[in-house]
Amino acid sequence: MTNYEFLFNGDVVASSVEKDGESLKVRLGEKEFEFHSAGNNLFSATINGARHQVAVVKHKGVYYIDIDSVLLEVQEASEVGFSGGAGDRGGEKDKVFAPMPGKIVKIMVEVGDEVEEKQPMVIVEAMKMENQVNSCAKGKVKAINFAPGDQVGTESPIIELELPVEETSR
Amino acid sequence: MWTSAAHMNVTANTMEKLFNKILVANRSEIAIRVMNACRTLGIPSVAVYSDADKNSKHRFYADEAIHIGPSPPRESYLHIDKIINAAKQTGCDAIHPGYGFLAENPAFAERCRQEKITFIGPSPEAIRLLGNKIESRVKMSGVDVPIIPGMKSSASDMATFEQAAEEAGYPVLIKAAGGGGGKGMRVVNSLDELAPAVEAARREAKNAFDDDTVYLEKYIVNPRHIEFQILADHHGNTTHVFERECSIQRRHQKIIEESPSVAINDELRARMGADAVKVARAANYTNAGTVEFLFDESGYYYFLEVNTRLQVEHPVSELVTGVDLVVEQIRIAAGLPLSDQFKNLTQRGHAIECRIYAEDGENNFFPSSGTIVHYSEPVGPGIRVDSGIQAGMEIGIDYDPIMAKLIVHAPTRELAIAKMIHALNEYKILGVKTSKKFMIDILRHSDFAAGKTYTSFIENNMSDRQLDIDSYKEIAVAAATVVSLSATVPTVKGMKGTTSLSPWEVIGSWQIGDSIHD
């Protein structure tokens with residue numbers, strides 16, 4: 001029996017696994033899943049009595065998974081860190097990030113503006129398409145770190161917000 | 001074995017070589033698609049590639065490859081001098097432009113003509129006429145093909161737009177005169193939205209097509225998008241190769257296409273097909289093209305535009321008719337007349353295509369970039385994959401995010417839908433996001449099954465859709481656990497099974513080209 005801890009969608013999840021003949025039995029709390037390797041990163045998994053083809057690869061600390069075309073990412077609990085993503089990054093509701101690297105076309109707010117959740121904040125152009133990035137929370141614009149025309153990555157916030165007190169202390 | 005060798009010689013000799021060598025002025029899946037047609041015809045192909053594509057599949061798929069410069073399209077795939085020089089340097093006597101990039105650039109077709117290199121596509125004159133959406137509207141209304149009400153010329157002042165919108169009645173659509181692919185396009189519901197929409201459309205059009213001319217037409221609410229494939233040779237023969245319905249779109253870009261359309265009967269099909277041929281003749285069109293129509297709820301159709309190139313979704317036509325459209329393009333360009341197969345062409349069964357974009361179907365279709373860490377294709381009768389990617393490739397943000405197309409063929413629409421769902425599930429691409437699950441949910445929707453496919457389908461049926469990621473928590477963690485265990489078990493050389501560590505990780509700080517390193 002080998003024990004592991006992973007991070008999935010903000011939750012830490014513990015699991016254990018053991019070999020049982022040709023199959024691998026994974027246990028999460030009360031639930032048990034049976035896997036067989038089909039080679040080439042593919043596994044047959046028994047889920048609720050039915051067989052599913054699951055593809056999974058670990059790359060740079062992230063497990064990339066395809067289960068019935070649902071694409072999922074799991075991180076080892078020890079390797080947690082932000083790895084890109086859209087405007088909303090769970091804990092960082094007070095920052096607006098680009099969803100992918102691109103060029104800032106337009107910034108629709110100014111420092112000091114009161115903004116609502118889901119209010120359009122920035123337009124970022126990538127792959128010839130304009131993408132609108134909305135605020136993840138209600139708040140006041142504290143800082144704008146880029147200007148139209150700037151190239152932006154996904155790591156530095158374009159806009160920073162000051163959240164109402166009850167939001168930040170959550 | 002001299003007899004079989006002799007036999008092969010006879011075959012090779014009887015198959016007339018149409019060109020000495022063809023340069024494919026494109027990248028990714030469409031470049032590979034064209035190279036396959038060249039191979040079928042026994043013609044060597046030449047790839048061109050930019051810095052971003054130095055590890056791309058198409059580079060190594062061609063018989064030869066020429067580096068044409070930095071990643072930005074303007075400095076490589078859109079750079080006419082570099083493409084022409086690559087063709088001359090490798091002794092190519094023809095260029096296939098694929099779709100996008102230079103495919104609908106009349107200056108490029110013109111330049112090919114001057115250089116005595118055959119452009120595998122229509123004449124620069126036809127591209128110029130039809131590439132301008134405004135001019136082609138005027139032309140086709142002149143030959144009694146129905147067009148959408150709206151502006152017949154562009155304007156620089158907002159007052160003209162406001163007046164045209166008033167006359168057509170809201171909602172209206174702002175479109176780029178030189179546009180396509182949903183770029184430079186905006187729906188406007190009221191006067192206060194008009195000015196910002198025109199401004200945004202101009203900006204996008206300028207960036208995408210280097211032409212900020214936009215115009216306005218009535219927005220046909222809830223139409224179907226039905227298009228006819230046409231082929232025309234240099235001997236006066238013009239034919240249509242039936243229709244494709246491409247109503248399932250997000251951000252005005254098609255993601256699922258099918259043939260035949262469930263919306264038209266044989267009588268309407270014949271009428272629209274005849275109008276498509278009329279459009280082609282009015283433009284003195286040659287080679288392959290697509291006449292697009294909007295089909296409204298009352299059963300009226302309107303000419304939308306002609307795409308003067310091979311379409312992304314051409315494979316659905318190929319699967320229902322058995323015609324290899326790229327082979328036909330090459331034959332036509334070489335001066336051959338349309339073959340006899342077009343005299344009695346029929347549609348057989350049903351075909352569906354799903355476009356596989358590097359985009360997050362669970363998050364507004366935001367472009368997704370990364371390394372392809374796993375790639376495996378579905379196989380089986382009636383399953384076709386046109387792919388430009390392979391494991392280890394970097395998917396960047398320099399180009400259109402289409403990675404591949406999955407196309408299925410079955411005797412009925414119902415069976416084609418079921419086959420597509422299965423094939424999507426078996427198509428495993430890891431490392432970047434795709435919209436596979438989103439498309440499966442469309443295919444499973446009762447309105448899709450009922451053929452209620454309108455361009456507003458996604459907006460009307462899918463906006464409330466929310467994938468419950470947390471319901472996959474346990475199985476996802478279980479899958480990660482299995483790989484963690486496999487990775488800690490020492491692998492014996494030749495042992496069956498896999499560590500499921502991506503080779504791109506195992507290789508570590510080795511370099512494959514320059515693009516993958518820790």
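The largest nonpolar core of this predicted model has 155 residues, and A:Val56 and B:Ala479 make the most contacts inside it. Such a core is a set of buried Ala, Val, Leu, Ile, Met, Phe, Trp, Tyr and Cys residues joined through C-beta atoms within 7 Å. A residue is buried if 20 or more other C-beta atoms lie within 10 Å of its own, exposed if 12 or fewer, and partly exposed in between, with C-beta atoms placed from the backbone. Helix α17 of chain B supplies the largest share of this core, nine residues. A second, separate core of 21 residues includes B:Ile174, B:Ala176, B:Ala177 and B:Leu194.

Because this is a predicted model, local features need pLDDT of at least 70 and side-chain atom pairs count only at pLDDT 80 or more, whereas totals for chains, interfaces and linings use all residues. Residues are numbered from 1 along each chain as its sequence is written, and chains are lettered from A and ligands numbered from 1 in the order in which they are written.

The two chains meet through 55 residues of chain B and 53 residues of chain A; two residues are in contact if their C-beta atoms, placed from the backbone, lie within 7 Å. On the side of chain B that touches chain A, the elements giving two or more residues include α9 (191-209), α13 (413-426), α14 (436-443) and α17 (473-488) of chain B. Of these elements, α17(B) gives the most, with 14 residues. This side of chain B comprises 26 nonpolar, 15 polar and 14 charged residues, where Ala, Val, Leu, Ile, Met, Phe, Trp, Tyr, Cys and Pro count as nonpolar, Asp, Glu, Lys and Arg as charged, and the others, Gly among them, as polar.

Chain B itself contains 18 helices and 22 strands; helices (H or I, at least four residues) and strands (E, at least two) are DSSP runs, numbered from the N terminus. Its radius of gyration is 24 Å, close to the 24 Å that the globule rule gives for 518 residues, so chain B is as compact as a globular protein of that length. The radius is taken over C-alpha atoms, and the rule is 2.2 Å times the number of residues to the power 0.38. Of the 518 residues of chain B, 53% count as buried.

Helix α4 (residues 80-89) of chain B illustrates this burial at the level of one element. Its buried residues are B:Ile83, B:Ile84, B:Ala86 and B:Ala87. They lie on the same side of α4(B), because they cover an arc of only 160° around the axis, the arc being that of the directions from the helix axis to the C-beta atoms. Their cover includes β1 (22-24), β2 (45-49), β3 (64-67), β4 (94-96) and α5 (106-114) of chain B. The face turned away from the buried side of α4(B) carries the exposed residues B:Asp81, B:Lys88 and B:Gln89. After α4(B) comes B:Gly91, with a positive phi near 70°.

Chain A has one helix and 16 strands, and 35% of its 170 residues count as buried. An automatic or database assignment divides chain A into domain 1 (2-79) and domain 2 (95-168), and the C-alpha centres of these domains lie 36 Å apart. Strand β3 (residues 23-28) of chain A holds A:Lys25, which is partly exposed, with 17 other C-beta atoms within 10 Å. Leaving aside neighbours within four places in sequence, A:Lys25 is in contact with A:Val17, A:Glu18, A:Asp20, A:Glu32 and A:Glu34.
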